[in-house]
Amino acid sequence: MSASKPLSGKRIVITRAVEQSRDLKERLEKLGATVLLLPAVSFSEPADVTELDRAIRSLESFDWILFTSVNAVRFFAARRRKLGSISIENAKPRCAAVGPATASAAAAEGFRIEYVAKEFLGTALARELGHALAGKRVLLPRSDRAGGSLPDALAAAGAEVTEVVAYHTGGIGSVEPRVLDAMREATVDVVSFFSPSAVENLRGELGVDVLSLLGARAAFAAVGPVTAAALEKAGLPVTIQATEATAESLTSVILQYFSPVKMSEARSS
């Protein structure tokens with residue numbers, strides 16, 4: 001390990017979709033890590049877009065759009081373009097996002113983000129915006145596998161919520177056999193998880209026993225509290241946690257974990 005390559009010799013698994021892993025992969029490789037791609041989830045347009053199209057065509061009738069992930073932004077914006085001539089130039093609706101990565105993706109698509117949740121959690125939007133949502137029509141585009149905690153929190157805040165499926169979250173994508181072998185043999189140093197779906201899909205693919213063994217030998221890195229909670233619910237350890245869903249944030253906490261001070265503390269504990 002050198003000062004310029006502090007992650008030299010470390011094998012790090014990224015369980016995100018390949019197209020969303022490039023920035024993180026490049027950052028980790030520049031620091032000396034060997035990166036293994038294991039897309040534990042795949043994403044596609046929903047089979048039925050009726051409700052999504054209806055919401056997009058009546059966009060100006062909403063007071064707020066809440067984006068909780070980059071994928072929600074990506075698929076919502078793509079569908080809007082496919083429908084054509086759906087303007088978002090007017091003041092309505094106002095937009096809010098969970099995390100800087102989601103906010104950046106929304107801004108790049110032309111949405112004017114007025115609020116970014118301070119906590120990397122969907123329900124934080126309902127809590128932090130509070131009275132600003134009371135009596136307002138709120139559009140919530142999300143995955144078909146998203147939970148009910150955010151819609152419930154928004155309703156409790158007095159919002160009139162329209163929840164639409166913007167994208168389908170599917171199973172594991174194409175994976176090189178050597179990557180799955182490395183997971184089964186526990187010959188990796190870090191496995192990064194970006195969503196509860198990734199945790200669920202890998203449990204189904206590898207089995208509880210394999211993941212438990214892997215968790216005893218490698219560091220499991222969770223992005224955000226929801227993913228961390230999913231790992232813990234599955235009985236798996238959360239060794240590293242990034243507060244933001246950005247390549248920079250995750251790289252930073254991985255570097256911190258492998259710092260000489262942290263490694264010394266781990267060996268002495």
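Guide: A polar contact is a pair of N or O atoms within 3.5 Å; within protein, one must be able to donate a hydrogen and the other to accept it, and residues adjacent in sequence count only if both atoms are side-chain atoms. This is a predicted model, in which local features need pLDDT of at least 70 and side-chain atom pairs count only at pLDDT 80 or more, while totals for chains, interfaces and linings use all residues. Residues are numbered from 1 along each chain as its sequence is written, and side-chain values use heavy atoms, with hydrogens and water left out.

Visitor: With which side chain does the side chain of Asp53 make a polar contact?
Guide: Asp53 lies in helix H2 (residues 50–57); helices (H or I, at least four residues) and strands (E, at least two) are DSSP runs numbered from the N terminus. Leaving aside neighbours within four places in sequence, Asp53 is in contact (heavy atoms within 4.5 Å) with Arg79 and Leu83. The polar contact, at 2.7 Å, is with the side chain of Arg79.

Visitor: Does Asp53 count as buried or exposed?
Guide: Buried means under 20% relative accessible area, exposed over 50%, and partly exposed in between (1.4 Å probe, protein chains only). Because its relative accessibility is 8%, Asp53 counts as buried.

Visitor: In the open sheet formed by 5 strands, what is the order?
Guide: S1 (residues 11–14) pairs with S9 in the parallel sense over 3 bridges, and 4 bridges join S1 to S2, also in parallel. S9 and S10 pair in the parallel sense over 4 bridges. The order is S2-S1-S9-S10-S11.

Visitor: Which residues cover the two faces of S9?
Guide: In a regular strand the side chains alternate between the two faces of the sheet. In S9, Val190 and Ser192 lie on one side and Val191 and Phe193 on the other. Both faces are covered, and the buried residues are Val190, Ser192, Val191 and Phe193.

Visitor: Within what arc do the buried residues of helix H9 fall?
Guide: In H9 (residues 208–217), Leu211, Leu214 and Gly215 are buried, and their cover includes helix H7 (177–184), S9 (190–193), helix H8 (196–206) and S10 (219–223). The face turned away carries the exposed residues Asp209, Ala216 and Arg217. The arc is that of the directions from the helix axis to the C-beta atoms. The buried residues line one face of H9 because, seen down its axis, they fall within an arc of 100°.

Methods:
Pairing = 2+ DSSP bridges.
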